[in-house]
Amino acid sequence: MNGQPALFGGRPLFSSPRPVGQLAAPPIESYLRLLRQAYDSRALRTGPIAASLERELAAFHGVRHCLVFVNAGFALTMLMRHYAAGRHGNVIMPAFTFRGLPHFARWAGQVPRFCDVEPNTHGLDPKSAAAAIDEDTVAILAVNNVHSASDIDALCALAGERRLPILFDSVYALGATYGGHVLGRFGNAEVYSMHATKLLNGFEGGYVTTDDDALYSALRRYRDGGRVNANLNEMHAAMATLCLQELPKVIASNAQRYRRYRSALASVPGLKLLEYRNEDIERYNYEMALLEITGEWPLTRDETIKLLRAEGAIISTYYSPPLHRLPQAPAGVPVPELPVTENLAARFLQLPVGELMSLDDIDALAAYLKRLSRNGDEVALRLREMKA
Amino acid sequence: MNLPSWPQIEEAFAGIFDRRYFANNGPLVQELDATLSQDIDGLQAICVANEMAAALAAVTACEMTGEVLVPAYASPLLLESLAWCGVRPVLCDVSPDTFVLNPSIVRRKVGSNTGGVIGCHVFGVPGDPLALEALGRELGLPIVFDARDALGSRFSGRSIGSFGKASFFSFAEDTLMNAAEGGCVLTPDIEVAKKLRTIRNFHPGETFAPVSLRLNGKMSEAQAALALLSWNDRFARINRCRENYFIYRDRLSRLRGVELVSGRGAAELSYARVVVRIEPREAHATPDEIRNALAASGVKCGRPLDDSQFSASDFPAAARLRATTLELPQGASLAPEDVTNVCDAFERAVTRPLY
């Protein structure tokens, strides 16, 4: 081996951390120029930059309305509270997704009802959702994933049939398409994030897109009526405004990085990069490179993560553990069998991506993984000895 | 408005862009938490996205369940936060002298389902937190304080933030501490602090204690940058606000039926807000009449409890406070001459015969 793994005392592959977030940013001069406008008018808490951002995002997504929020969590909670209208029921959601979703349901006074996902889209399985809906169900919360939208048609049909609102968390699918149409218009509303690690960097922030006029009015009154603190401040709105302008470039760089991973890792036995589905029809943002550890790989997923983190690749598992196995899974609620979720939750890790990951870095990481595939058994032995 | 100089802002953001650390408990947020702690009696400080996140986190960290006693004039924001926490607010009238919750009121309303009490430092004036704190200990109930505008104030030699289990504050641009938007929870309790640090985000690495629920309540580096600049500059602003306050007190104390809301003797104010109580019979004018007269002179005033929705007949003391208060202009950028002009207009409004 060309030097020991850092975990065994060797020099780390990366001299500075390589995270999994996008961390895109405009030139600081541009940012300060825009921020100065807000500063000069002494309006930093709310103002015209956020309002203008809403119009631009609505145009980007091809929808009638956009509302910006302090973050996506508040947006989702407020949407669910709106549809709950004071009722305490349940919200249908996939179990293979971001760990915050059940919390948002609870803040909305609802019990999260976890369902299985489909193996290809990783999205909420319409059959599993249908089986879980009961007379206390208040809403369906589905997720559009980075590599594929959910089966939006089937889920919306189910929602229509059962007369339920359906919300889409499209946080990792910003800019992606479904059936060739850019996401944003589907269901009753979609929710996106403007957190710094996401495709669109607004420091912290979130937004809702919808074509539903009544929902837009109600949500706007809720946000601005003095009962909640949920607005997006101008400092964040300015950042997001400028990053929105750079989005096509960011997506192009992401695609380049993804393709580099794909070619570099193609020949490494035991590793499989998750494909973006139907790339001939659909567009994606390529903000993640998800690696599947298969049976041939000599190490466990956890061991692999441990080794890579020591090298400076600040990576983690992908949606593991599944939501129904987390401490906040509500006690006393029967959980159905979720075989696809359980299977998927064990398979993937996130590779470092984003602005801090160069193509050379990707090559270096791939080479490291290649070496690991050859010497993995020795490494595994040594790791397990270390543990004992 | 409490804003730092533009060069200071440029420098702060240059640092943020340089480090490429925009959010997720970055170095500035950590520095802000540490600085506030150091400067406020060594209390634990947990900064968050906004006042509502602070309220949600505080109530959750203190594990309030069931019913929570609050003053009748609790803000709509506090009431909505309690609804999100799944607890039922029980409105209580306040003391007719101090206009805050006191032990006798709380004792009358405490029931088997009471899970906590939230005192309010209304208008930023410390509302006898000692008595409520002692009562909380006696009854085994967590006491949290809505200290929205009370950052920097003290009571009986202790900082607001040190009383009860936790207090939450606002860093919105209309407060002493301007982070554009932001909030903070202060607590003397290390275990509560661990819960707060866990509650405000979802990162497995930022998990310090078992909690019932978590939220995205993170403050960004941009907010922390502004807050740090604002905090480090506070003495100049507090001094200016104090100066203004003394002018108001001096001039308005000469008027019958007009009194500045300033708490009892043990309260040390931050002077962030100026609120007066008007006794219409003695002042020969109602708060609304005075407000209109001031508006005619170009002075903008507010009725500070206008957005509270409790019924006057059920809560007479709180109703009296709502009916008799008027908020006057205040802030570091308000010059002494401007304050004098407001006082002149105020004087004319109450001494000028109306009929």
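This is a predicted model: local features need pLDDT of at least 70, side-chain atom pairs count only at pLDDT 80 or more; totals for chains, interfaces and linings use all residues.
Trainee: Which element of chain B gives the largest share of the side that touches chain A?

Mentor: The elements giving two or more residues to that side are α1 (6–19), α3 (51–61), α4 (76–84) and α8 (221–232) of chain B. With 7 residues, the largest share comes from α1(B).

Trainee: How do the residues of the side of chain B that touches chain A divide into nonpolar, polar and charged?

Mentor: In the contact, chain B and chain A each contribute 47 residues. On the chain B side, these residues divide into 30 nonpolar, 9 polar and 8 charged.

Trainee: Which residue of chain A forms a salt bridge with B:E80?

Mentor: The two chains have 3 salt bridges between them. A salt bridge requires the nitrogen and the carboxyl oxygen to lie within 4 Å. The closest N and O atoms of the pair in question are 3.4 Å apart, and the partner of B:E80 is A:R227.

Trainee: Which three residues supply more of the area that chain B buries against chain A than any other three?

Mentor: About 4200 Å² is buried between the two chains, with carbon and sulfur atoms giving 67% of this area. Of the part that chain B buries, 19% is supplied by B:W6, B:W84 and B:F202.

Trainee: What ipTM does the predictor give the complex?

Mentor: For chain B, the mean pLDDT is 94, and 98% of its residues reach 70 or more. For the complex, the predictor gives a pTM of 0.97 and an ipTM of 0.96.

Note on methods:
Residues are numbered from 1 along each chain as its sequence is written. Chains are lettered from A and ligands numbered from 1 in the order in which they are written. Side-chain values use heavy atoms; hydrogens and water are left out. Contact means heavy atoms within 4.5 Å. Buried area is the accessible area (1.4 Å probe) that two parts lose on being put together, summed over both. A salt bridge is a side-chain nitrogen of Lys or Arg within 4 Å of a carboxyl oxygen of Asp or Glu. Helices (H or I, at least four residues) and strands (E, at least two) are DSSP runs, numbered from the N terminus. Ala, Val, Leu, Ile, Met, Phe, Trp, Tyr, Cys and Pro count as nonpolar, Asp, Glu, Lys and Arg as charged, and the others, Gly among them, as polar. pLDDT is the predictor's confidence in each residue, from 0 to 100.
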